[in-house]
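Dear colleague,

Please find below the structure that I am handing over to you. My findings follow directly after it.

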Amino acid sequence: MDKSTTLDDIQQRGFVSCGVVVAPGFVEQPTPDTFAGIDVDLCRAVAAGIFGATTQEDPDEYIDYNIMTYAERWEALQSKKVDLLAASTTHTMERDVFIPEVE
């Protein structure tokens with residue numbers, strides 16, 4: 001049984017696979033090769049934390065942006081197509097804690 005963690009997978013692969021939904025202010029794509037917005041900044045912060053990327057380097061070399069719809073994001077995360085969702089995802093008790101006896 002493989003006991004590797006998501007962090008192990010990211011470090012071995014050399015980049016974070018970040019799931020994003022294009023939305024003004026959150027994720028914008030001014031050109032086909034560039035991304036901007038608050039969700040993009042979250043992906044960059046995670047990559048910087050993992051790989052020690054500095055502002056002197058291009059943080060996007062450590063990120064694979066996967067553009068998806070809101071409907072696709074949970075399946076992509078569950079199937080490990082992406083490592084991180086940066087797309088208007090809220091916390092709920094049901095998502096964070098599942099206790100079968102308490103329903």
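Among the contacts (heavy atoms within 4.5 Å) in the chain with a separation of 6 or more, 58% are between residues 24 or more positions apart. Please note that this is a predicted model, in which local features need pLDDT of at least 70 and side-chain atom pairs count only at pLDDT 80 or more, while totals for chains, interfaces and linings use all residues. Residues are numbered from 1 along each chain as its sequence is written, and side-chain values use heavy atoms, with hydrogens and water left out.

The chain contains four helices and five strands; these are DSSP runs, numbered from the N terminus, with helices (H or I) of at least four residues and strands (E) of at least two. Along the sequence they follow the pattern α-β-β-β-α-β-α-β-α.

A disulfide is a covalent bond between the sulfur atoms of two cysteines. Counting pairs of cysteine sulfur atoms within 2.5 Å gives one disulfide. This bond joins Cys18 to Cys43, with an S to S distance of 1.8 Å. Cys18 lies in strand S1 (residues 16-20) and Cys43 in helix H2 (residues 38-51), so the pair ties together parts that are 25 residues apart in sequence. The link of Cys18 and Cys43 is left-handed, with -55° about the S-S bond.

Cys18 is buried, at 0% relative accessibility, and Cys43 is likewise buried at 0%. Here, buried means under 20% relative accessible area, exposed over 50%, and partly exposed in between (1.4 Å probe, protein chains only). Of the 103 residues in the chain, 29% are buried.
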